[in-house]
Amino acid sequence: MSIDTRPAAPQRTSSVPRRMRSVPRPRRGTGNPVAGIGSLIWLVIVLVPLYTLLSSSLMHQDEALNGDPLAFPTDPTLDNYTTVLDSGFLSLLGNTAVVAVATVVLVLVLSVPVAYVAVRTRSRLSSLAFRTFLLGVAIPAQAVIVPLYLLIGKMGLYDSLWAIILPTAAFAMPVAVLVLSGTMRDVSEEMYEAMALDGASPLRMLWQLAVPLSKGGISTVAIFSALQAWNGFLFPLILTQSEENRVLTLGLFTFMTQFGVNIPAVLAAIVLSVVPIFAVYLVARRALVDGLMGVGGK
Amino acid sequence: MSVHTPHAERGGDRKAAVGSVGRPPVGWAVPGILFFALFAIVPLAIAVYLSFTTWDGLDSPALTGLDNWTRLFKDSEFGQAAWLTLLLTTISWAFQTPVALLLGVWAAGRQRSRAVLSAVFFIPLLLSTTAIAVLFHALLDPNFGVVKEIGPWIGVDPNVMGSSTGALLVVAFVGGWQFMPFHTLIYQGGARQIPEVLYQAASIDGAGMIRQFFHITLPQLRHTMTTSSVLMIVGSLTYFDTVLIMTKGGPGTDTTILPYLMYRTGFQTYDLGYAAAIATALVVVATGLSLLLVRFSGFGSMRSTREGM
């Protein structure tokens with residue numbers, strides 16, 4: 001990157017710096033018409049399907065099938081939601097919640113020590129472990145699903161919620177370790193040294209220094225692991241079978257065939273499956289967005 | 001600080017002494033590493049092993065040497081699936097990169113309106129791939145979906161899922177609809193880290209907005225672009241969910257991408273040995289592409305975007 005500003009700068013120093021100071025963030029994209037129009041177009045592309053999702057889920061079946069799907073429902077009804085709730089939705093929700101919570105706990109309990117060791121020690125073993133996790137980001141779940149089917153079967157876990165939880169947690173770990181070691185690295189060496197002089201054990205340093213100061217990273221990891229567990233499809237599809245162990249994503253897929261042309265009911269099921277995630281988004285938007293934005297800066 | 005080796009320098013010695021106090025034992029990382037290895041690394045090795053066997057999922061896998069691999073290279077269905085995977089990945093990359101780049105740079109501005117729109121753009125990322133596929137399956141139903149109303153306006157045939165090209169484009173579009181916010185955020189984060197002074201210097205030199213974009217924004221975002229592209233390539237494998245739900249690999253086999261071919265071979269015809277061979281090929285291709293990208297973009301050598309400043 002080399003932009004030569006030297007020839008121009010001296011003549012204009014009198015006027016330019018003051019203007020720059022008064023406008024703190026000038027230039028960046030301000031009034032860029034192409035991006036502005038583009039973003040409006042994208043807004044429409046995002047909103048039309050979402051609007052149809054909501055409005056059609058409130059329609060009677062014949063209106064959804066014969067009327068204008070873009071119109072507002074003439075006689076809004078919650079019947080579709082009742083249909084979904086009567087079709088075992090709550091059991092799907094319960095299973096998914098168990099899977100999500102267990103995944104988050106497992107990921108945090110296993111990843112925090114790995115990240116802490118990676119940041120606080122300089123042995124070759126720990127850097128090797130760190131590199132392994134780095135590489136792990138690129139392992140697609142599809143690639144290992146056949147062996148996992150074998151492995152889970154041999155462990156006697158086929159068609160249980162554990163069959164979903166264990167691989168989901170493992171595949172959430174690489175990103176968790178990367179994010180956690182990123183935030184833990186920001187804890188300054190002086191603070192560790194100060195605690196060491198007080199005779200603190202490594203465990204106390206982890207618990208009273210590293211963990212409290214990486215709350216941001218920990219909540220990002222928790223939310224992402226939960227999201228991954230909530231939205232996962234491949235592991236439940238291959239590793240479970242019975243209705244009692246069915247999770248939401250698989251349930252939606254089943255509804256699609258079961259309800260057939262009762263499209264409003266299918267859409268209502270989608271809406272219901274998103275509500276919990278949406279609630280989390282409203283509460284924890286910052287942690288979610290900042291975590292993702294950090295990916296581009298590293 | 002009691003023992004001095006003859007060659008130890010003073011500084012390094014002191015550092016080691018202070019540094020060794022309160023370091024956690026490396027053993028703490030062992031449970032996490034073992035767990036990850038058991039469910040991610042070991043299966044990768046087993047996949048390679050299974051690719052040399054024949055296995056129906058019931059009996060034990062039986063070694064058959066290179067049979068699966070010779071079959072793979074002669075299998076026209078595998079060839080088609082590999083081609084479709086490459087095509088789909090390229091189409092999605094070409095669709096998502098420019099849009100995410102523009103939206104991301106635009107959203108990097110701190111205006112309130114942009115923050116609000118960004119929050120709306122984020123919503124698709126909250127839905128599962130499954131929910132989105134089921135949603136678009138309903139929207140694109142040629143008889144009952146929105147597509148019969150809106151389609152004609154924007155030049156989309158209501159029966160778009162019935163044509164080979166249409167179905168593939170729809171899969172790419174649906175994937176983009178879901179993951180655009182993710183890549184937008186990555187670019188937004190990258191754009192916010194570009195030093196303001198570069199833009200100030202450029203505008204003093206009289207560079208207009210377009211030149212600033214091509215000579216500052218774009219080069220400064222090259223690491224971001226690599227990150228985003230690698231994630232897109234790895235992520236294009238998740239189109240499996242979309243394909244399974246929306247097209248079942250059809251019409252015919254015209255959206256049968258590698259992950260779907262693997263699924264069909266492994267879990268519908270229970271030819272798990274051959275499915276493992278397809279899976280192994282998939283990993284090799286995905287990792288290879290990612291490494292190539294990292295190498296050619298200079299990301300691996302960690303060349304700084306701050307060079308020359």
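**Exercise 1.** Which domains does the domain assignment give for chain A?

*Solution.* In this predicted model, the assignment divides chain A into domain 1, covering 39–77, and domain 2, covering 89–293. As a next step, take the centres of these two domains of chain A over C-alpha atoms, which gives a separation of 33 Å. Then turn to the contact itself, where 8 residues of domain 1 of chain A meet 8 residues of domain 2 of chain A. On the domain 1 side, α3 (33–57) and α4 (61–66) of chain A are the elements that give two or more residues, and the largest share, 4 residues, comes from α3(A). Sorted by class, the residues of that side are 5 nonpolar, 3 polar and no charged.

**Exercise 2.** Determine how helices α6 and α7 of chain A are oriented to each other.

*Solution.* Begin with the geometry: helix α6 (residues 89–120) and helix α7 (residues 124–136) of chain A pack at an angle of about 125°, and their axes lie 9 Å apart. Angles of 65 to 115 degrees count as roughly perpendicular and those over 145 as roughly antiparallel, so α6(A) and α7(A) are oblique to each other. Their crossing is left-handed. At the contact, V114(A), V117(A) and A118(A) of α6(A) meet S126(A), A129(A) and F130(A) of α7(A), and by class this contact has 5 nonpolar, 1 polar and no charged residues.

**Exercise 3.** Describe the contact between chain A and chain B.

*Solution.* Count each side separately: chain B contributes 93 residues and chain A contributes 95 residues. On the chain B side, helix α2 (residues 30–50) gives the most, with 12 residues, and the residues of this side divide into 63 nonpolar, 22 polar and 8 charged.

Methods
Residues are numbered from 1 along each chain as its sequence is written. Chains are lettered from A and ligands numbered from 1 in the order in which they are written. This is a predicted model: local features need pLDDT of at least 70, side-chain atom pairs count only at pLDDT 80 or more; totals for chains, interfaces and linings use all residues. Two residues are in contact if their C-beta atoms, placed from the backbone, lie within 7 Å. Ala, Val, Leu, Ile, Met, Phe, Trp, Tyr, Cys and Pro count as nonpolar, Asp, Glu, Lys and Arg as charged, and the others, Gly among them, as polar. Domain bounds come from an automatic or database domain assignment. Axes are lines fitted to C-alpha atoms, for helices over the stretch in contact, and angles run from 0 to 180 degrees between N-to-C directions. Angles under 35 degrees count as roughly parallel, over 145 as roughly antiparallel, 65 to 115 as roughly perpendicular and the rest as oblique. A crossing is left-handed if the near helix is turned anticlockwise from the far one by less than a right angle, and right-handed if clockwise.
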